[in-house]
Amino acid sequence: MKVFSYVVEHDNGEAPNPYFDFCTLCRCKFREKPGGRRNIVELAKKGDWIIGTGGANLKRSAGHGKLVYAMHVDEKITREEYYADPRFQEKRQMMDGTYEKTRGDNLCPKDDFERLDQFSLISSRFYYFGKDAIDIPEKFRNFEKKGPGFRSNITPDNFGPFLGWLEANFKPGMRGEPCYQETIDNPKGCKPCKSFC
């Protein structure tokens, strides 16, 4: 088992996407083109954990020292499988739907690379806090990644007590709304997420 930790710099409900009973990570922390460097979505495997902590911009994230979400990777499937699976049809993006539908990360793949070499991480065992992000206890603050990129050097032995604390104090599932709601029409000047952020 590996534990990946990174900063959720802009928590708007798209990546991670905590809606419709599953937490998914698909359109962020991913490789955008063949030959690009592998990121969390390519490197993570079934059984791993992903930890997302707060970024410095309090208008777009929860702030340092906060846990935005944690998800157990139950499945890792290609984007082709993700788009075809009826369990995830509600996660298809609809720009004229509810806010949850506009955040959909299940976009139709455009070519073979997107179909077969890009992935979605799926979790039904997750803790998503969003704007109600919780304080990370001081003894676990060393799990926090600050700045761009990610870290994956947290050992299972060190992660066990953190997971025990999380499970003892919080119920799994979506425990809060995203830190901010992005304007649905994607106004001029709004930059898309970069996979390396």
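**Aromatic cluster, sheet and salt bridges**

Analyst: In this predicted model, ring pairs join Trp49, Phe129, Phe140, Phe143, Phe159, Phe162, Trp165 and Phe170 into a cluster.

User: Are the rings of Trp49 and Phe159 stacked, edge-to-face or tilted?

Analyst: A pair of aromatic rings is described by the distance of the centres and the angle of the planes. The centres of the Trp49 and Phe159 rings are 5.7 Å apart, and their planes stand at 50°. Planes under 30 degrees apart count as stacked and those over 60 as edge-to-face, with the rest in a third class. The pair of Trp49 and Phe159 is therefore tilted.

User: How many residues apart in sequence are the parts that Trp49 and Phe159 tie together?

Analyst: Trp49 is buried, and so is Phe159. Trp49 belongs to strand β3 (residues 49–54), whereas Phe159 belongs to helix α5 (residues 156–169). The pair therefore ties together parts whose separation in sequence is 110 residues.

User: Which strands stand at the edges of the open sheet?

Analyst: The open sheet is formed by three strands in the order β2-β6-β5, with antiparallel pairing. Each edge strand has a single partner strand, so one side of it is left without a neighbour in the sheet. The edge strands are β2 (23–25) and β5 (75–78).

User: Which residue in β6 stands opposite Thr24?

Analyst: Strand β6 (residues 119–123) pairs with β2 in the antiparallel sense over three bridges. In β6, the residue opposite Thr24 is Ile122.

User: Over which ring does the charged end of Arg92 sit?

Analyst: Two contacts between a charge and a ring may be considered here. The charged end of Lys76 sits over the ring of Phe119, at 4.8 Å from its centre. For Arg92, the charged end is 3.8 Å from the centre of the ring over which it sits, that of Tyr83.

User: Is Asp85 buried or exposed?

Analyst: The side chain of Asp85 meets that of Arg87 in a salt bridge (2.8 Å, N to O). Arg87 has 39% relative accessibility and therefore counts as partly exposed. Buried means under 20% relative accessible area. Asp85 has 17% relative accessibility, so Asp85 counts as buried.

User: How many residues apart are Glu167 and Arg125?

Analyst: A salt bridge joins the side chains of Glu167 and Arg125 (2.6 Å, N to O). This pair links distant parts of the chain: Glu167 is in helix α5, and Arg125 is in the loop between β6 and β7 (126–128). Glu167 is partly exposed, with a relative accessible area of 36%, and Arg125 is partly exposed as well, at 32%. The separation of Glu167 and Arg125 is 42 residues.

Key. Residues are numbered from 1 along each chain as its sequence is written. This is a predicted model: local features need pLDDT of at least 70, side-chain atom pairs count only at pLDDT 80 or more; totals for chains, interfaces and linings use all residues. Side-chain values use heavy atoms; hydrogens and water are left out. Two strands pair if DSSP finds at least two bridges between them. Helices (H or I, at least four residues) and strands (E, at least two) are DSSP runs, numbered from the N terminus. Rings of Phe, Tyr and Trp (its six-membered ring) pair if their centres lie within 6.5 Å; planes under 30 degrees apart count as stacked, over 60 as edge-to-face and the rest as tilted. Buried means under 20% relative accessible area, exposed over 50%, partly exposed in between (1.4 Å probe, protein chains only). A charge sits over a ring if NZ of Lys or CZ of Arg is within 6 Å of the ring centre and within 35 degrees of the ring normal. A salt bridge is a side-chain nitrogen of Lys or Arg within 4 Å of a carboxyl oxygen of Asp or Glu.
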